[in-house]
Amino acid sequence: MTGNIKEIKGKAMPMIGDDIDTDRIIPARFLRCVTFDGLGEQAFRDERFDAHGSPVVDHPMNKAEYKGAKIILSGNNFGCGSSREHAPQAIKRAGYEAVIAESFAEIFYGNSSVLGLVCITMPKSEISEFASYIEKNPDTEVIIDIEKVEIKAGDKIYKAGIKPALQKSLLDGTYDTIYELMKNKDKIEEMDKNLPPKCFN
């Protein structure tokens with residue numbers, strides 16, 4: 001079951017860098033899972049932990065000040081690399097509800113959209129300013145307003161970008177395409193019954 005998403009509220013976590021690819025987000029060895037359960041614990045696994053399994057102190061996900069953050073703030077071409085849908089699943093299941101970046105890889109963007117993981121863009125200069133502000137004020141509540149397409153942090157307001165189709169589906173609550181398909185199962189079955197016998201021959 002999905003619901004409409006009008007805004008995202010929560011702390012933000014800067015993870016600044018370009019070309020953060022899907023293998024970094026969720027290493028390939030975790031793709032063998034039958035379900036997506038538990039993927040959140042493995043998000044950025046090879047960066048968050050060293051070879052001995054000890055947490056890497058400097059990784060933003062391991063920093064106390066960003067604990068409980070719901071928004072990732074990053075750079076250009078976020079989610080590039082392979083098309084694995086496990087990447088947005090891992091981010092979503094790790095507790096994040098949105099990613100703010102300069103741009104996104106198209107397939108990652110699409111895979112995120114159907115999960116309700118909000119992908120929203122900002123210019124590079126503003127991301128840099130925003131990141132600096134958050135680093136100095138990590139407890140700031142950030143508000144992503146989907147309808148106005150703007151981001152608020154303290155007394156700062158940034159204009160953002162989102163594809164109109166995604167914006168509409170989030171506001172309408174129709175972003176989960178599988179749910180929408182199953183919701184209309186009776187209509188689909190009825191149409192199937194009424195199709196001409198040789199329709200697919």
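Me: Why is Asn-77 called partly exposed?

Reply: In this predicted model, Asn-77 has a relative accessibility of 24%. Buried means under 20% relative accessible area, exposed over 50%, and partly exposed in between (1.4 Å probe, protein chains only). The value of 24% therefore places Asn-77 in the partly exposed class. Residues are numbered from 1 along each chain as its sequence is written. As the model is predicted, local features need pLDDT of at least 70 and side-chain atom pairs count only at pLDDT 80 or more, while totals for chains, interfaces and linings use all residues; side-chain values use heavy atoms, without hydrogens and water.

Me: How do you know whether Val-149 is buried or exposed?

Reply: Its relative accessible area is 14%. That value is under 20%, so Val-149 is buried. Val-149 lies in the loop between strand E6 (142-145) and strand E7 (150-153); helices (H or I, at least four residues) and strands (E, at least two) are DSSP runs, numbered from the N terminus.

Me: Why is His-59 called buried?

Reply: The relative accessible area of His-59 is 7%, which is under 20%, and His-59 is therefore buried. His-59 belongs to the loop between helix H2 (45-48) and strand E3 (71-73). Beyond its neighbours within four places in sequence, His-59 is in contact (heavy atoms within 4.5 Å) with Met-15, Phe-44, Glu-47 and Arg-48.

Me: What makes a set of residues a nonpolar core, and which members of the largest one touch the most others?

Reply: A nonpolar core is a set of buried Ala, Val, Leu, Ile, Met, Phe, Trp, Tyr and Cys residues joined through side-chain atoms within 4.5 Å. The largest has 54 residues, of which Phe-108, Phe-130 and Ile-151 touch the most other members. Helix H5 (residues 124-136) gives the most to this core, with five residues. Leaving aside neighbours within four places in sequence, the contacts of Phe-130 include Leu-73, Ile-100, Met-122 and Ile-151.

Me: Which buried residues does helix H4 have, and what do they pack against?

Reply: Helix H4 (residues 106-113) has Phe-108, Tyr-109, Asn-111, Ser-112 and Ser-113 as its buried residues. These pack against helix H1 (22-25), helix H3 (86-93), strand E5 (118-121) and helix H6 (164-172).
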